[in-house]
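Thanks for making time. Please have the model open.

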Amino acid sequence: TYGRGFWILDDITPIQQMTPQALEGPVHLFEPRPAYRFQSREGRASQPGDPAAGQNPTQGASINFRLGNDFSGPVTVRIETVGGQLVRELPVRSAGPGLNRVHWNLRWTSSSTPRLRTPALEHSHVDVPSSGWRPAPDGGAVRPIALPGRYRVRLVAGMEERTAILEVLQDPDSRATMADMQAQLDLQFELREMSDSTAALIDRIEWTRKGILDLEERIGGAQPYSDVVAAGEQLEEALIELEMRLFDLRLSGGSARQDTIRWPRQLWAKIASLAGYSSGTDDPPTDQMGEISTIYRDQLAAALSRWAELAEGDLARFNRLLAAQGLPPIISE
């Protein structure tokens, strides 16, 4: 029989702070222990299959709180700078009476991701799911990592509110200065804003294209609407040309995502890629990273300008044509 074992309690903060005062009242927020801002690195077990090998704890900071037996109501945990700026709001989905724990991965709020509401081009077998949208098969969100320093944890449970200070510590193996890490964070914020703007533009184009496709399906090949169908097809071609600069519409997500190697990445995926390459260490961004970021910003500005031309020109004229035919307008949001 296996009569020995190793038991590791990764965070016994609630036990250490379990005073009579902590057990009183409807809500108690325990003081969080410091969290290390570790950089990702590959680990390797000394002996594969070693029964004594354990699992690393969830990376980041653990937030522990107690709710009274009679507590009921929504619970939110907010991470803020000491100056009050919101860094991240953590989801608390199943909090209940007794001890509760949520984890913060030390990331700021991530950028948004677009929802594709039209079928993939050149893949007639791939349809939009019943949810009404499909995820973008290539690219991803930008998730800036917080700098070492002090942060405020704000627990809001029903009508009760508690705060505590969390200290984020630099990776002991890192030799970067605070200025180095701040420069990297500044670039991540810039890329997050660019990613959000690109995703929002993709969403607007997708809603517009979906409106055109729905309209064509609704009116079919009825002769009185032949001019509407022709104008809609012309507008959709212009929209596809613009959207293809932002995201390759031929990507279906099928074949284990192998289609992502067939065509070059477009702007939304490129931004995510640059964010990943520039945040893998604590070092500041290189000059080349800054230059590429400027190129992407120029491409985004050109795409936004083109969208404005289409919205004020082709789309506006198309909606006037629809109105003349007694049809509802195409809404881009």
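How many aromatic pairs does the structure hold? It holds three. Bear in mind that this is a predicted model, and the values I quote are computed from it.

I will take two of the pairs. One is formed by Tyr36 and Phe38, which are stacked, at 5.3 Å centre to centre and with 20° between the planes. The planes are under 30 degrees apart, which is why the pair counts as stacked. As for cover, Tyr36 has a relative accessibility of 36% and counts as partly exposed. Phe38 is also partly exposed, with a relative accessible area of 37%.

The other pair is Trp108 with Phe189. Here the ring centres are 4.9 Å apart and the planes stand at 80°, so this pair is edge-to-face. It links distant parts of the chain, the two residues being 81 apart. Trp108 sits in the loop between strand E6, residues 98-104, and strand E7, residues 115-116, while Phe189 belongs to helix H2, residues 178-219. Trp108 is buried, with a relative accessible area of 6%, whereas Phe189, at 24% relative accessibility, counts as partly exposed.

There is also a charge over a ring to mention. Arg115 lies over the face of Trp133, at 4.2 Å from the ring centre.

Now the strands. Which way does strand E2 run relative to strand E10, parallel or antiparallel? E2, residues 35-37, and E10, residues 160-170, run parallel, and three bridges join them. Within E10, Val168 is the residue opposite Ala35. E10 also pairs with strand E9, residues 149-157, this time in the antiparallel sense and over nine bridges. One of the residues involved is Arg154, whose bridge partner in E10 is Thr163. E9 and E10 make a hairpin with two residues between the strands, and there Gly158 takes a positive phi near 65°.

Next, a loop residue. Ser252 lies between helix H3, 226-246, and helix H4, 267-277. Its relative accessibility is 16%, so Ser252 counts as buried. What is Ser252 in contact with, once its neighbours within four places in sequence are left aside? The contacts are Ala120, His123, Val126, Arg134, Pro137 and Asp259.

H4 itself is mostly covered, with eight of its eleven residues buried. Among them are Leu267, Trp268, Ile271 and Leu274. The buried residues of H4 pack against H2, H3 and helix H5, which spans 287-324.

Last, the whole protein. It has five helices and ten strands. The radius of gyration is 26 Å, well over the 20 Å that the globule rule gives for 333 residues, so the protein is more spread out than a compact globule. Along the principal axes, the C-alpha atoms fill a box of roughly 80 × 50 × 50 Å. Of the 333 residues, 40% count as buried. The accessible surface comes to about 18,700 Å², and 50% of that belongs to carbon and sulfur atoms.

One more figure, on contacts. Taking those between residues at least 6 apart in sequence, 73% join residues at least 24 apart.

That is the end of my notes.

Methods:
Residues are numbered from 1 along each chain as its sequence is written. This is a predicted model: local features need pLDDT of at least 70, side-chain atom pairs count only at pLDDT 80 or more; totals for chains, interfaces and linings use all residues. Side-chain values use heavy atoms; hydrogens and water are left out. Rings of Phe, Tyr and Trp (its six-membered ring) pair if their centres lie within 6.5 Å; planes under 30 degrees apart count as stacked, over 60 as edge-to-face and the rest as tilted. Buried means under 20% relative accessible area, exposed over 50%, partly exposed in between (1.4 Å probe, protein chains only). Helices (H or I, at least four residues) and strands (E, at least two) are DSSP runs, numbered from the N terminus. A charge sits over a ring if NZ of Lys or CZ of Arg is within 6 Å of the ring centre and within 35 degrees of the ring normal. Two strands pair if DSSP finds at least two bridges between them. The radius of gyration is taken over C-alpha atoms; the globule rule is 2.2 Å times the number of residues to the power 0.38. Contact means heavy atoms within 4.5 Å. Accessible areas come from the Shrake-Rupley method with a 1.4 Å probe; for residues, only the protein chains shown count as cover.
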